[in-house]
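Subject: Structure handover

Hello,

Here is the structure I said I would pass on. Please open it next to this message, and then read the notes below it.

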Amino acid sequence: MTKTNASLATRGRLPAQESEDPQGERLDRWHVAILAELQRDARLSNAELASRIGLSTAPTWRRVKWLEEQGYITGYRAELDRRRLGLGVLAFVRLDADRNNASATKVLEEAIRQLPEVISCHYISGAGTFELQVLATDLDAFSRFTIDTLLNLPNVKDVHTSFSLGEVKAGGGVPLGHLKP
């Protein structure tokens, strides 16, 4: 940036400081804007993304690449309508482990990771060891999955299930408000 441009930029007269180093330690307003726009629509072209955030294409591309390399962006995927695909049942399953030691837990974790019906799994506090979200075509299919698969996983002591009666919000992006200056 020239001395004149630097002076104007410090007084807030330049619309975009495109020479900012995207390799910095912290996320800046451009990074946050990129993350917000890509969460809304990951199919944006670089030119459209640059236009939406008010930065030119080259610095936008460099910032996206940096966000990917640093692990802020971990992938891109399509959101699918589970009902249109015949997956009408969404179950929340609390799974209690039989033994709570590291090696037994790791074996159970790996077994859970291999199940495509389990779309998310979390360690939880309180009663239980894991909380799973499981998709099935219908209640009969879920029942078979529970009896034939979940209860036969290594170190499973018990399974408790609640069913979704309707989605209020799904596929929401990660909140970014705490990152804005």
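The sheet comes first: four strands form an open sheet in the order β2-β3-β1-β4, with antiparallel pairing. Strands (DSSP runs of E, at least two residues) and helices (DSSP runs of H or I, at least four residues) are numbered from the N terminus. Two strands count as paired if DSSP finds at least two bridges between them. β2 (118-123) and β4 stand at the edges with a single partner strand each, so one side of each has no neighbour in the sheet. On average, neighbouring strands of this sheet are turned by 25 degrees against each other, direction ignored. Such angles run from 0 to 180 degrees between N-to-C directions, and the axes are lines fitted to C-alpha atoms, for helices over the stretch in contact.

Before the rest, a note on the source: this is a predicted model, in which local features need pLDDT of at least 70 and side-chain atom pairs count only at pLDDT 80 or more, while totals for chains, interfaces and linings use all residues. Residues are numbered from 1 along each chain as its sequence is written, and side-chain values use heavy atoms, with hydrogens and water left out.

Back to the sheet. β2 and strand β3 (residues 130-136) run antiparallel and are joined by five bridges. Ser 120 stands opposite Gln 133 in β3. Helix α5 lies across β1 (89-97), β2, β3 and β4, and runs at about 20 degrees to β3. Contact here means heavy atoms within 4.5 Å.

Next, the charged pairs. Side chains of opposite charge can pair when their charged atoms come close. The structure holds nine salt bridges (a side-chain nitrogen of Lys or Arg within 4 Å of a carboxyl oxygen of Asp or Glu). In one of them, the side chains of Arg 63 and Asp 28 meet at 2.8 Å, N to O. Arg 63 lies in helix α4 (residues 57-69) and Asp 28 in the loop between α1 (3-10) and α2 (29-40), so this pair ties together parts that are 35 residues apart in sequence. Arg 63 and Asp 28 are both buried (buried is under 20% relative accessible area, exposed over 50%, partly exposed in between, with a 1.4 Å probe and protein chains only).

Another salt bridge joins Lys 65 and Glu 68, at 3.3 Å from N to O. Both residues lie in helix α4, three residues apart, about one turn of the helix. Lys 65 is partly exposed at 30% relative accessibility, and Glu 68 is partly exposed at 26%.

Arg 113 and Glu 110 also form a salt bridge, at 3.3 Å from N to O. They are three residues apart in helix α5 (residues 102-113), so about one helical turn separates them. Arg 113 is exposed, at 56%, whereas Glu 110 is partly exposed, at 38%. Elsewhere, salt bridges with shared partners join Glu 37, Arg 40, Glu 48 and Arg 52 into one network.

Last, the rings. The structure holds three aromatic pairs (rings of Phe, Tyr and Trp, the last by its six-membered ring, with centres within 6.5 Å; planes under 30 degrees apart are stacked, over 60 edge-to-face, the rest tilted). Phe 142 and Phe 163 have ring centres 5.2 Å apart and planes at 80 degrees, so this pair is edge-to-face. The pair links distant parts of the chain, 21 residues apart: Phe 142 is in helix α6 (residues 139-148) and Phe 163 in strand β4 (residues 156-163). Phe 142 is buried, with a relative accessible area of 5%, while Phe 163 is partly exposed, at 38%.

Regards
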